[in-house]
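Subject: Structure for you to look at, with notes

Dear colleague,

Please find the structure below, with the sequence beside it. I would be glad if you read the notes with the model open.

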Amino acid sequence: MQDQEYKDMFKIEALELLSDLEAKLLEMKEGYDDIEQINSTFRILHTIKGTGSMFGFNDISDFAHNLETAFDFVRNKKVNITNDLINLTLTASDHMKTMLDAGDENKADNDFISEEILTALNELVPLIEDSPEKHDTKTAGILKSVSEDASSSDMTYRIRFRPSVDIFTTGTNPLLLLKELRGFGECDIIAHIDRIPLLNEYDHKACYTDWDIILTTKKSLDEVRDIFIFVEDSSEVDIDIIDDGTILDKEPKRDKLGEILLDRGDITAENLVPILQKQDEKQKKIGELLVEQDVVSKSKISSALSEQKHIQKVRKKKSGSVLASSVRVPAEKLDKLVNLVGEMVTVQERLSQLAVYEDIPELTSIAENIENLTDGLRDNTMSIRMVQFGITFTGFKRLVHDLSKDLEKNIVLITDGVETELDKTVIEKLNEPLVHILRNSIDHGIESKETRESAGKSSQGTILLSAEHSGAYVLISVSDDGAGLDPDVIYKKAIEKEIIAPGTEMTPKEILQLIFSPGFSTAKKVTDVSGRGVGMDVVKKSVEALRGSVEIDSDKGKGTTVTLKLPLTLAIIEGFLVEMEGDKFILPLSSVEECVELSQENVDRAQGWDFLNVRGELVPYIRLRKSFDIQSDPPEMEHVVITGVDGQRIGVVVDRVIGSHQTVIKPLGRAMKHSEDVSGATILGDGTVALILNLDKLVKAA
Amino acid sequence: MSKNIMILDDSPTIRAMMNKTLKDAGYDVIEAVDGRDGLDKLSGSNARMIVTDLNMPEMNGNEFIRSVRVIPEYEFIPILVLTTESDDSIKAVSKAAGATGWITKPFNPEKLLSVVRKLVD
């Protein structure tokens with residue numbers, strides 16, 4: 001049905017109502033008090049007003065509203081019927097008929113007449129407040145326009161809805177309200193059923209359940225509140241804004257359970273503090289402790305937990321969207337930040353040591369806090385510098401493409417672990433060695449098409465460049481399915497080049513590592529690509545400069561894999577602190593395998609050989625005393641730190657083992673440039689300096 | 001489940017408008033002109049919801065609601081009240097009588113449906 005049809009229908013209805021009204025008015029006279037008739041007069045005016053407003057007859061509706069109010073006073077005996085009122089109402093009735101017929105025509109004239117009649121009415125019934133718009137100021141709350149508060153950012157609300165026990169008897173189904181909420185957005189609902197009584201007290205008409213709802217939506221608070229508009233008087237509805245798009249960012253601890261319970265008013269700070277202390281002792285979850293202590297009910301905890309989950313979800317979503325809007329910062333600013341964090345770690349170590357030494361409880365707890373914060377700061381700062389390894393891959397693809405074309409080989413580069421993150425500096429410094437390794441693979445590794453085909457391989461060679469995390473290291477490997485290396489050839493070559501003495505006994509794996517020796521190049525002919533006398537030793541050097549190591553593995557005829565093992569970061573390492581005659585040294589913790597004791601008895605038993613029997617395995621060791629020319633007598637019981645260097649176990653004999661230490665690496669000055677045994681220095685907690693040992697070099701020197 | 005909704009209003013125009021709106025939304029409509037008529041038509045109507053005007057001849061809305069609430073079958077039925085006033089005291093009287101919610105005139109078909117959907121599945 002169209003609007004016009006309703007309008008026509010209303011006109012007919014209104015005309016009938018107006019004749020009714022006329023008939024009733026004509027029966028009345030001064031002092032008339034038939035309440036039934038007065039009521040129906042009121043009702044007629046009421047219907048004209050209500051129905052008129054529905055179908056666009058606002059003028060008539062507003063006009064009728066005033067008359068209705070007058071008759072409301074009459075039926076409530078606030079004013080009496082007078083002849084003047086009867087006559088005026090009859091005039092008004094005629095006027096409404098005119099307005100119905102006229103529609104929008106003669107609007108100005110009709111408005112003027114309406115004014116006149118209403119002014120006259122106001123004189124007769126002075127209590128009328130002339131506010132025709134009053135009745136349409138607020139339609140049912142839910143119907144507020146959506147655009148009114150359309151906020152673009154996601155809002156997160158906590159709604160606690162506790163329906164009145166008799167909610168069902170007013171015809172409300174609370175589940176429908178929850179359903180409506182669900183329609184608004186991401187919604188977690190927890191029901192509390194603690195109030196449900198035992199069966200004998202149970203009233204099937206009553207509602208004993210209440211709900212906690214966490215809602216994330218774009219709707220405004222008013223729109224959410226409007227869902228409960230029909231029940232807000234009788235039921236408890238508390239709506240709190242947990243997040244308006246900014247609150248969660250400002251309150252990083254907002255997702256701690258204790259905080260949530262506090263915020264909800266389920267517990268007080270006085271409840272929480274002793275529980276938190278107990279939590280430290282008992283290693284239990286705070287929720288469990290609170291329930292144990294009878295501070296809050298289990299369902300409150302599970303509700304708070306779901307809020308926690310919800311907040312975390314919201315946060316995750318947010319950080320996902322933030323990722324796209326990253327900030328570019330000059331690298332030097334980051335470097336400076338890393339330096340500062342490094343200093344901070346050093347100072348924090350000092351504070352921690354002081355705290356242990358002084359043994360003041362407050363100081364200890366401050367030191368612990370600072371330690372936690374510094375750790376967080378360090379990890380965060382380091383992570384800022386992390387870059388995905390994949391950014392370099394494009395360049396390598398180009399390299400492989402160009403070179404294989406030059407050499408008329410068919411080679412494809414496959415990459416894996418693009419998303420592996422590595423310190424920016426490390427990635428930059430890796431470029432050159434990787435280019436070198438790739439060139440080697442393309443030039444020497446992958447055979448010509450013909451050779452490949454006659455060897456029964458696919459004519460297309462494959463190089464796999466992959467990166468993966470392994471503890472505090474990243475492993476980057478370049479594998480090809482080429483000819484592989486022949487240990488015998490390398491062995492001969494090494495002797496030829498006087499890299500090893502003839503007759504040296506070596507395992508195939510050891511032989512393979514020989515290609516990293518300076519001046520080693522096996523290419524039969526010098527090509528543009530590689531074999532210009534710059535061998536893999538350059539690779540090894542650059543990787544070692546990054547405190548990494550390089551390893552090669554090859555299967556003759558099947559291919560070669562070069563693996564670079566690199567630390568995640570350059571600035572701070574986990575060190576292992578040892579002591580020699582009051583001087584402290586740091587070994588990289590990652591290469592420490594175990595510590596054993598070395599008694600004089602052990603030394604004697606080895607009959608002058610620097611070997612130690614560790615569970616049946618003979619492990620050679622070096623004496624730091626000897627390396628650093630420390631003259632004094634060693635203590636009776638020395639310690640051996642067994643390390644893994646280049647796949648070998650080697651012991652380092654020290655006076656005393658102290659333990660692991662967050663080591664901020666400081667470069668040594670120019671004067672120390674040539675001391676290869678030491679790769680850097682660090683400042684210890686007590687302010688003294690410890691040297692960071694370069695194990696590879698130490699072992700070789702020994 | 002039944003899709004029957006009973007509407008009570010003494011204005012034929014409003015009844016026509018509500019009838020059309022609800023039918024188009026897939027509901028079946030039972031019309032009544034006032035409270036008395038409504039009560040007569042209610043028994044056996046299998047109504048799931050009632051929309052009623054307040055000011056009607058022959059039993060007004062609130063009286064009607066009170067009478068409906070004592071019928072066991074309709075104890076929990078959602079009852080929506082049509083009112084011209086946003087005055088809270090008038091709503092409070094209806095609520096006390098057992099009304100579930102209200103909608104203020106003037107309203108358009110969309111408003112009516114959104115409120116009806118709030119109260120029935």
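This is a predicted model: local features need pLDDT of at least 70, side-chain atom pairs count only at pLDDT 80 or more; totals for chains, interfaces and linings use all residues.

Residues are numbered from 1 along each chain as its sequence is written, chains are lettered from A and ligands numbered from 1 in the order in which they are written, and side-chain values use heavy atoms, with hydrogens and water left out.

Chain A has 23 helices and 21 strands, where helices (H or I, at least four residues) and strands (E, at least two) are DSSP runs numbered from the N terminus. Of its 702 residues, 44% count as buried; buried stands for under 20% relative accessible area, exposed for over 50% and partly exposed for what lies in between, with a 1.4 Å probe and protein chains only. Among contacts in chain A between residues at least 6 apart in sequence, 69% join residues at least 24 apart, a contact being heavy atoms within 4.5 Å.

In chain A, the axes of helix H16 (residues 424–445) and helix H20 (residues 536–545) come within 9 Å and cross at roughly 150°, which makes H16(A) roughly antiparallel to H20(A). Here axes are lines fitted to C-alpha atoms, for helices over the stretch in contact, with angles running from 0 to 180 degrees between N-to-C directions; angles under 35 degrees count as roughly parallel, over 145 as roughly antiparallel, 65 to 115 as roughly perpendicular and the rest as oblique. H16(A) contributes A:Pro433, A:His436, A:Ile437 and A:Asn440 to the contact, and H20(A) contributes A:Met536, A:Val539, A:Ser542 and A:Val543.

Over all chains the count comes to 37 salt bridges, a salt bridge being a side-chain nitrogen of Lys or Arg within 4 Å of a carboxyl oxygen of Asp or Glu. One of them pairs A:Lys49 with A:Glu68, whose closest N and O atoms are 2.9 Å apart. This pair links distant parts of the chain, with A:Lys49 in helix H2 (residues 35–54) and A:Glu68 in helix H3 (residues 58–75), 19 residues apart. A:Lys49 counts as buried at 1% relative accessibility, and A:Glu68 counts as buried at 4%.

Another salt bridge runs between A:Glu180 and B:Lys118, with the closest N and O atoms 3.1 Å apart; because A:Glu180 lies in helix H6 (residues 174–182) of chain A and B:Lys118 in helix H5 (residues 109–119) of chain B, the pair joins two chains. A:Glu180 is partly exposed at 21% relative accessibility, whereas B:Lys118 is buried at 3%. There is also a network of salt bridges that links A:Arg158, A:Arg160, A:Asp212, A:Asp240, A:Asp263, A:Arg264, A:Asp266 and A:Glu307.

Finally, A:Arg75 lies in helix H3 of chain A and is partly exposed, with a relative accessible area of 26%. A:Arg75 and A:Ile35 are 40 residues apart in sequence, yet 6.6 Å apart in space from C-alpha to C-alpha. Leaving aside neighbours within four places in sequence, A:Arg75 is in contact with A:Ile35, A:Ile38, A:Asn39 and A:Phe42.
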